[in-house]
Amino acid sequence: MTHHATDDALERPVTSFDLLPGDPDSPVLLHVPHSARAIPEDVRAGIVLDERELQRELDRITDAHTAEIAERAAALAGVRPWRFVNRLSRLVVDPERFPDEREEMAAAGMGAVYTRTTHRGVLRPADTDPEPLLARYFRPYAAAMTRAVAGRLTATGRAVIIDVHSYPAEPLPYELHGAGPRPPVCLGTDPFHTPPELTAAARTAFAGCGGTGLDSPFAGTYVPLDFYGTDARVGALMVEIRRDTYMTEPSGPPGPGLNRLATALASLVDLAGP
């Protein structure tokens, strides 16, 4: 049975992303961009790391088990939120980066298409043309996320994007702002898209998870560019969970903290929802 299941998994085409419907009346969209490790073979061919190095890099860069946290939270919420889940590794493209000069991480070789690793080594040749990956993966993802947000606006008059991320207990060399506090739950905010009541709701929801902090070590939120900075009906908050609170780092199994965090995230969904 296991043998056949493995063969089937290899033969099935990898879906780049999934929009998982919630309640029609929910404005909340849980966005999970960095939980997957899958890399299509043709994309893998452009990465210079050997297999052992690649797996180590995936251990560091993947927000392990965040899709499961979001899934459990959706099931626990009083009104089920919608979920938008990336099924490919961020080493394919990072859907949350700006694809142009606005992206500060581009200076570290980690714009929408990474050319450097978390330890600032070479991931792809520096002269790699990002356009094929942007065309095949980045823009369709952005367009689908834009449609998902537009759907919530049409249905409910507003949208609340809650980004579900995790980060390592110890800073990695690529982090531009790694010297600041690393709380159990970091809340990333945007001056336009994060109303004070959304931040307050998150502080309340995660109060039992060891404490929250704002915008350190990671700041900002993800909002599709069609709405970014212009449509105040779109609220957004980034939830960055320190990995040692729910799993064995760097790539081990989840622990009891996962359920506690999923319950807290469900509480945030309920506070932010209808």
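## Strands and the sheet

Two strands pair if DSSP finds at least two bridges between them. Strands (E, at least two residues) and helices (H or I, at least four) are DSSP runs, numbered from the N terminus. In this predicted model, local features need pLDDT of at least 70 and side-chain atom pairs count only at pLDDT 80 or more, while totals for chains, interfaces and linings use all residues. Residues are numbered from 1 along each chain as its sequence is written, and side-chain values use heavy atoms, with hydrogens and water left out.

S1 and S3 pair in the antiparallel sense over four bridges. Strands of a sheet pair through backbone hydrogen bonds, either parallel or antiparallel.

The open sheet has seven strands in the order S1-S3-S2-S4-S7-S5-S6, with mixed pairing. Its edges are strand S1 (17–20) and strand S6 (212–214), each of which pairs on one side only.

## Two nonpolar cores

A nonpolar core is a set of buried Ala, Val, Leu, Ile, Met, Phe, Trp, Tyr and Cys residues joined through side-chain atoms within 4.5 Å. Buried means under 20% relative accessible area, exposed over 50%, and partly exposed in between, with a 1.4 Å probe and protein chains only. The largest core has 34 residues, and Val239 and Leu268 are among those with the most contacts inside it. Elements giving two or more residues to this core include strand S2 (28–32), strand S7 (234–242) and helix H7 (257–272). H7 supplies the largest share, nine residues. A second, separate core of 26 residues includes Leu49 and Met110.

Val239 touches residues including Ile162, Phe206 and Leu268 (contact: heavy atoms within 4.5 Å), not counting residues up to four places away in sequence.

## Two buried threonines

Thr117 is found in the loop between strand S3 (82–86) and helix H5 (131–156). Thr117 is buried, with a relative accessible area of 6%. Beyond residues up to four places away in sequence, Thr117 touches Leu49, Glu57, Met110, Val122, Leu123 and Tyr174.

Thr189 is found in the loop between S5 and H6. Thr189 counts as buried because its relative accessibility is 18%, and the cut-off is under 20%. The side chains of Thr189 and Asp215 are joined by a polar contact of 2.7 Å. A polar contact is a pair of N or O atoms within 3.5 Å; within protein, one must be able to donate a hydrogen and the other to accept it, and residues adjacent in sequence count only if both atoms are side-chain atoms.
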